[in-house]
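Please keep the sequence and the structure in view while reading.

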Amino acid sequence: MKNCIENTFMNTSVKNQSYHINHFSISVPLDYSDQNSQNIDIHLEEITYKDNKENNLPYLVYIQGGPGFERPQIENISGWLDIALKSYKVLLFDQRGTGKSYPITNKLIQKIDTNKQLAFLSNFRADSIVRDLEAIREKLNVKQWALLGQSFGGFCIMTYLSHYPDSIIKAFVTGGIPPIDIHPDDVYRATFKKTKEKNKQFFNKYPDLQKKVQCIANFIQNNEVKLPNGQLFTVEQFQIAGMYLGQEGGAQKLHEIIDDGYNYLRANSLLSDAFLNEMLSIQVFQTNPLYIILHEAIYCEGFASNWSAESVRNSLEEFNFKVGSPFYFTGEMVFPWMLSQMKMLKHFEGVGNQIAQKNNWKHLYDINQLKNNKVPVAAFVYKEDMYVDYELSQQTIQHIANLTQIVHSSYEHNAIKIHGKEIFEALEKI
């Protein structure tokens with residue numbers, strides 16, 4: 001492993017707070033099981049207060065949600081960051097395959113032999129991310145550090161606790177207690193159930209919208225509608241706007257999008273550029289393809305997903321739109337048609353289907369280690385979470401020693417972004 005590179009410094013201010021940021025990269029093996037593996041660079045940001053004279057603070061590593069998304073912008077985490085920096089040096093990083101850490105892109109996958117793509121992309125799950133963090137910790141000569149994981153970041157923390165507990169002082173988890181030893185079919189039955197509840201709440205709150213979404217869906221189904229990138233827009237793509245229903249403020253946002261889209265359609269007999277641009281913007285994973293490719297694989301330990309969400313959806317008639325029937329949005333699920341319909345994902349279709357059929361995934365969690373866990377874990381869990389099911393989280397928590405949870409009855413999955421200060425302060429007190 002080579003030394004830290006790209007050591008650059010900058011100062012920035014957000015909401016009247018001045019931060020000192022050290023940008024650097026550390027080289028790690030792409031494949032930890034191969035002694036001859038090529039190396040990839042993991043990009044990191046070390047953040048401290050500009051005027052902080054304390055150099056001996058421990059590190060707090062933030063592991064963002066995903067899979068397949070890069071570190072957040074500071075302005076999106078300043079709520080909890082300002083509190084954390086009083087006790088820690090905060091380390092952000094782009095998980096492998098994202099941001100500046102060897103990003104997986106449409107162009108990159110085309111350069112890789114089709115026979116090697118499956119083995120290549122299998123190196124980007126939580127087990128490899130945790131190995132990266134261990135390599136970084138050793139390179140920085142840090143004995144132990146604290147962890148904060150949001151959503152998929154919490155999944156990564158459970159993998160970390162399973163395999164390298166001695167490296168962790170304390171772990172904080174927000175909306176990220178994973179189901180363990182549960183097939184993805186059971187995960188998606190639970191999340192579709194919660195998504196159906198969110199749909200009912202949404203349409204009860206805005207009763208005029210059901211006829212409007214049906215009108216829009218009918219138009220999409222009976223006309224050739226193109227998104228701004230030239231991609232054919234389908235009803236299935238419209239349904240994934242239900243992602244908003246699992247976010248605080250998302251229902252209001254979705255209401256406004258639908259209302260504006262319907263009014264324009266009624267007046268002009270076509271969908272507006274603004275509406276179609278909103279629909280494209282929801283498909284942010286087109287530039288972060290690992291989200292689609294590995295989303296179901298994060299639940300797999302020794303078995304294949306076989307496009308689990310699609311299988312469960314096909315058994316739920318209400319989520320398969322038919323003219324004259326109520327319209328239901330889907331949520332945080334991935335489907336095989338995404339790889340054939342979405343313009344920037346088409347080169348991933350072959351390997352995506354191979355990953356869905358892969359049945360020899362390594363185990364991410366050591367349940368015996370978690371049952372005997374000595375590391376203090378503080379978790380914020382959301383009863384209304386549409387992305388990470390509350391009941392499945394409770395099943396897992398029963399098997400993790402030394403974990404204390406705070407259950408919130410109204411926060412949504414993205415609460416750390418909106419209520420970061422209150423959440424981190426509460427977790428720190430545990």
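Helices (H or I, at least four residues) and strands (E, at least two) are DSSP runs, numbered from the N terminus. The model is predicted, and local features need pLDDT of at least 70, side-chain atom pairs count only at pLDDT 80 or more, while totals for chains, interfaces and linings use all residues. Residues are numbered from 1 along each chain as its sequence is written, and side-chain values use heavy atoms, with hydrogens and water left out.

Strand β8, which spans residues 377–382, is mostly covered, with 6 of its 6 residues buried, where buried means under 20% relative accessible area, exposed over 50%, and partly exposed in between (1.4 Å probe, protein chains only). On one side of β8 the buried residues are V377, A379 and V381, and on the other they are A378, F380 and Y382.

Two strands pair if DSSP finds at least two bridges between them. Strand β7 (residues 168–174) runs parallel to β8 and is joined to β8 by 4 bridges, and F172 has A378 in β8 as its bridge partner. Strand β9 (residues 403–408) also runs parallel to β8, with 6 bridges between them, and here A378 stands opposite T404.

Together, β8, helix α16 (residues 390–397) and β9 make a right-handed β-α-β unit; right-handed means that, with the strands pointing away from the viewer, the path from the first strand over the helix to the second runs clockwise.

**The two pockets**

On a 1 Å grid over the protein atoms alone, a pocket is an open set of points where a 1.4 Å probe fits, with protein on both sides within 12 Å along at least five of seven lines, and lining residues have an atom within 4 Å of a point. A volume is the space filled by probe spheres set on the points, which are joined across faces, edges and corners.

| Pocket | Volume |
|---|---|
| Largest pocket | about 1,100 Å³ |
| Second largest pocket | about 540 Å³ |

The second largest pocket is lined by 25 residues, of which D31, N123, D127, S128 and K362 are the closest to its centre. Helices α3 (117–121), α4 (126–139) and α5 (152–163) each give at least two residues to this lining, and α4 supplies the largest share, 4 residues.

In the largest pocket, the largest share of the lining, 3 residues, comes from α17.
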